[in-house]
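These are my notebook entries on a single protein model.

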Amino acid sequence: MDTEQPLSMTRDAYHHGDLTTALMDAATEMLEAGEPFSLRAVARRANVSQSAPYRHFADRDALESALAVRGFRDLRERLSPGGRRAASEADLIGFAVAYVGFALEHPAVFRLMFGQECDDRNDERVLAAGDLHTLLEQSLRDLYPDTDPTALATALWALAHGLAFLHLDGKLAADSPDVVADRVRGSFAAVRALASTVASV
């Protein structure tokens, strides 16, 4: 068996009309493995003709953009299954834990999602990225009606995003998911305590 071609990456997928998914799955595997890819290389990995990808993606940039969109959507579902908003502070911290966990499980895709500015010409990617911020902002508006939800959402996102990249870049050890989760919870608790102290002064 050719170990470079997962069972799901076969011509059967193409013949059943799921070529787009097959190509994106192949590209994701190559990306996470640190393999540089082109549409031709992805086609070989997906076991389809070298011309097939061009029916769905104009070029490599289009494929990368599609991967980013899927990444944003997967992350949103990870944070909020079914679109559920955070109903408590514990839920908000759970969002942060899930956010960092996703980054560590899919490091290359995560870097692709946030490694470059969204292309304003790609509405799908812009909307997918914006959905994350909207989810957090709406949750904060419900939980803390007397605060500026936009500013607070930016601050909390920055904290979770910073923790994600500190782990990805090896500045914080990612020894186990439990250790990482405890560190994220501890960081948010520390910021919460600081905010309470400042508010009481």
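The entries below follow the order in which I looked things up.

**Entry 1. Model and fold**

I note at the outset that this is a predicted model. I counted the secondary-structure elements and found nine helices and zero strands. Read from the N terminus, the order is α-α-α-α-α-α-α-α-α. I then looked up burial over the chain: 37% of the 201 residues count as buried.

**Entry 2. Nonpolar core**

I recall that in soluble globular proteins nonpolar side chains tend to be buried together. Here I looked up the largest nonpolar core, which has 57 residues. Within this core, Leu63 and Phe110 have the most contacts. Two or more residues come from each of helix H2 (19-32), helix H3 (39-46), helix H4 (60-79), helix H5 (89-105), helix H6 (107-114), helix H7 (123-143), helix H8 (149-168) and helix H9 (177-200). H5 gives the largest share of the core, ten residues.

Which residues does phenylalanine 110 contact, once its neighbours within four places in sequence are left aside? I list Leu75, Tyr99, Phe102, Ala103, His161, Ala164, Phe165 and Leu168.

**Entry 3. Helix H3**

I turned to H3 and asked how many of its eight residues are buried. Six are, and I record H3 as mostly covered. The buried residues are Leu39, Ala41, Val42, Ala43, Arg45 and Ala46. I note a charged residue, Arg45, in this list. The cover over these residues includes H2 and H4. After H3 comes asparagine 47, which has a positive phi, near 60°.

**Entry 4. Salt bridges**

Side chains of opposite charge can pair when their charged atoms come close. My count of salt bridges in this model is twelve, and I looked at several of them in turn.

Glutamate 89 pairs with arginine 192, with N to O at 2.9 Å. Because glutamate 89 lies in helix H5 and arginine 192 in helix H9, this pair ties together parts that are 103 residues apart in sequence. Glutamate 89 has 33% relative accessibility and counts as partly exposed. Arginine 192 is also recorded as partly exposed, at 41%.

Arginine 111 and aspartate 169 form another salt bridge, with their closest N and O atoms 2.8 Å apart. Arginine 111 is in helix H6 and aspartate 169 is in the loop between H8 and H9, so this bridge ties together parts 58 residues apart in sequence. Arginine 111 is partly exposed, at 34% relative accessible area. Aspartate 169 counts as partly exposed as well, at 40%.

Salt bridges with shared partners join Glu29, Glu35 and Arg45 into one network. I note that Arg45 of this network is among the buried residues of H3.

I also looked up aspartate 91 and arginine 84, whose side chains meet in a salt bridge at 3.6 Å, N to O. Aspartate 91 has a relative accessibility of 23%; the cut-off for buried is under 20%, so aspartate 91 is classed as partly exposed. Arginine 84, at 42%, is partly exposed too.

**Entry 5. Largest pocket**

I next looked up the largest pocket, which holds about 310 Å³ of space. Its lining has 13 residues, and those nearest its centre are Glu89, Tyr144, Leu152, Leu156 and Arg192. H5, H8 and H9 each give two or more residues to the lining. The largest share, five residues, comes from H9. By class, I record ten nonpolar, one polar and two charged residues. I note that Glu89 and Arg192, listed at this pocket, are the partners of the salt bridge at 2.9 Å.

How values were computed. Residues numbered from 1 in each chain as written. Predicted model: local features only at pLDDT ≥ 70, side-chain atom pairs only at ≥ 80, totals over all residues. Heavy atoms only, no water. Core = buried A, V, L, I, M, F, W, Y, C linked by side-chain atoms within 4.5 Å. Buried < 20%, exposed > 50% of the residue type's maximum accessible area, 1.4 Å probe, protein only. Helix = DSSP H or I, 4+ residues; strand = E, 2+ residues; numbered from the N terminus. Contact = heavy atoms within 4.5 Å. Salt bridge = Lys/Arg side-chain N within 4 Å of Asp/Glu carboxyl O. 1 Å grid on protein atoms, 1.4 Å probe; cavity = no way out; pocket = protein on both sides within 12 Å on 5 of 7 lines; lining within 4 Å. Points joined across faces, edges and corners; volume = space filled by probe spheres on them. Nonpolar A, V, L, I, M, F, W, Y, C, P; charged D, E, K, R; others polar.
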